[in-house]
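Here's a quick tour of a structure, taken a few spots at a time. Keep the viewer open and follow along.

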Amino acid sequence: MKRIVRYIIPALLVSFVCGAGICWATSSITATPNYSWPEIIGDPPPAAGSNLPNTSESDSAAVTINITASGNWGLKVEKSNWPSSLHLSIKKTSPTPVGDYQEVTDSYPAEDFISGSGDTTVTVQFKLTNVSIQVPPGTYNPTVTFWVYDK
Amino acid sequence: MKILIKILISVALVAGLATLATADNVATSTVTITFLEIAELETTGTPGTLTITAPTAGALPAVQTEATTTMAWTSNVDSGKTRKITGSLASLFSGITLSATVTAGSGKGTSAGEVPFTAAATAYDFVTAIGNCNTPSETITFKATVTSMVAPYTDTAKVVTWTLTDDV
């Protein structure tokens with residue numbers, strides 16, 4: 001019992017307090033909650049015999065991400081509930097310089113996207129590839145999740 | 001001492017749980033994307049004239065075929081549904097049965113093979129089980145089979161109407 005009091009409980013306290021302290025210092029994030037793709041895929045329809053155009057891009061500032069941080073931060077991104085054959089890429093459009101498209105997967109853990117420091121507003125653009133007639137018609141509501149962490 | 005430990009544990013637990021509940025390092029955006037339903041069908045070319053030539057004595061004239069036209073389609077459907085292509089001949093030829101075959105490549109549907117137009121203005125299935133696919137050039141083959149000897153004639157062109165429709 002004494003051993004518990006002397007070693008384990010202090011260790012637990014340290015882990016909790018430090019853990020809480022780190023979390024309190026962690027950067028925070030908000031993002032545009034909803035975004036409607038500007039192009040209705042299949043409008044206008046392709047000519048008979050032709051497939052849909054392979055790619056489709058969103059607006060240049062499809063989603064705005066507000067990061068609040070006191071130090072350096074990193075941003076991870078992942079997607080979920082996307083039609084399996086569709087590929088999603090993302091790039092930073094502001095602040096400059098504009099980034100290159102990076103494919104987003106639904107793998108866990110989320111992939112590194114960008115990094116920075118201090119309070120930052122980031123806008124991103126999406127690109128769909130592998131758009132095809134193979135995707136059944138309908139309205140899809142997939143999600144993109146952003147994670148900010150201290151570096 | 002025990003009281004102090006209890007207090008510290010409580011504070012740490014509350015702080016830890018409160019932090020876990022915050023989770024403000026994550027943000028999710030829901031993207032809405034609409035894929036329209038597409039059903040496009042087109043034929044290319046005009047079939048040549050099918051000329052029935054004189055047979056040998058005692059026989060019916062030979063079957064004539066024509067395969068210069070093609071068909072293209074693009075189609076997507078809801079899960080579990082398919083489409084089909086039907087053909088309809090506006091009016092029949094005298095003494096001749098016109099039939100047609102529409103090919104369908106792998107994954108482009110199922111060809112019904114040679115289908116005769118035995119009744120006027122009636123839709124016959126030529127390709128079925130068309131799912132989400134596009135095909136730029138499938139061959140249409142027309143075949144004229146003389147069924148009975150009739151007086152020579154040159155008929156005006158007759159129209160075959162092709163339709164891409166839900167397969168129900």
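## The largest pocket

By class, the residues lining the largest pocket split into 23 nonpolar, 13 polar and 3 charged. For that count, Ala, Val, Leu, Ile, Met, Phe, Trp, Tyr, Cys and Pro are nonpolar, Asp, Glu, Lys and Arg are charged, and the others, Gly among them, are polar. This is a predicted model, where local features need pLDDT of at least 70 and side-chain atom pairs count only at pLDDT 80 or more, while totals for chains, interfaces and linings use all residues. Residues are numbered from 1 along each chain as its sequence is written, chains are lettered from A and ligands numbered from 1 in the order in which they are written, and side-chain values use heavy atoms, with hydrogens and water left out.

The pocket has 39 lining residues, with Thr49(B), Leu50(B), Thr51(B), Phe93(B) and Asp155(B) nearest its centre. Two or more lining residues come from each of strand 3 (64–76), strand 5 (96–102), strand 9 (133–146) and strand 10 (160–166) of chain B. Strand 9 of chain B gives the largest share, 4 residues. Strands here are DSSP runs of E, at least two residues, numbered from the N terminus. The volume comes to about 1,000 Å³, taken as the space filled by probe spheres set on grid points joined across faces, edges and corners. A pocket, on a 1 Å grid over the protein atoms alone, is an open set of points where a 1.4 Å probe fits, with protein on both sides within 12 Å along at least five of seven lines; lining residues have an atom within 4 Å of a point.

Thr74(B) sits in strand 3 of chain B. Why call Thr74(B) buried? Because its relative accessible area is 0%, and buried means under 20% (exposed is over 50%, partly exposed in between; 1.4 Å probe, protein chains only). Its side chain reaches the backbone nitrogen of Gly49(A) at 2.8 Å, a polar contact (N or O atoms within 3.5 Å, one able to donate a hydrogen and the other to accept it; residues adjacent in sequence count only if both atoms are side-chain atoms). Beyond four places in sequence, Thr74(B) has contacts (heavy atoms within 4.5 Å) with residues including Pro46(A), Ile133(A) and Asn134(B).

Asn51(A) belongs to the loop between strand 2 (34–36) and strand 3 (56–57) of chain A, and is partly exposed at 33%. A polar atom of its side chain lies 2.8 Å from the backbone nitrogen of Ile133(A).

## Strand pairing

In chain B, 4 strands make an open antiparallel sheet in the order 6-8-4-10. Its edges are strand 6 (110–111) and strand 10, each pairing on one side only. Two strands count as paired if DSSP finds at least two bridges between them, and strand 6 has 2 bridges to strand 8 (residues 124–130) of chain B. Ser111(B) has Val127(B) as its bridge partner.

Over in chain A, strand 6 (residues 87–94) is largely enclosed by the rest of the structure, because 6 of its 8 residues are buried. It runs antiparallel to strand 9 (residues 120–129) of chain A over 7 bridges, with Leu88(A) partnered by Leu128(A). Strand 6 of chain A also pairs antiparallel with strand 7 (residues 102–104) over 3 bridges, where Ser89(A) stands opposite Glu103(A).
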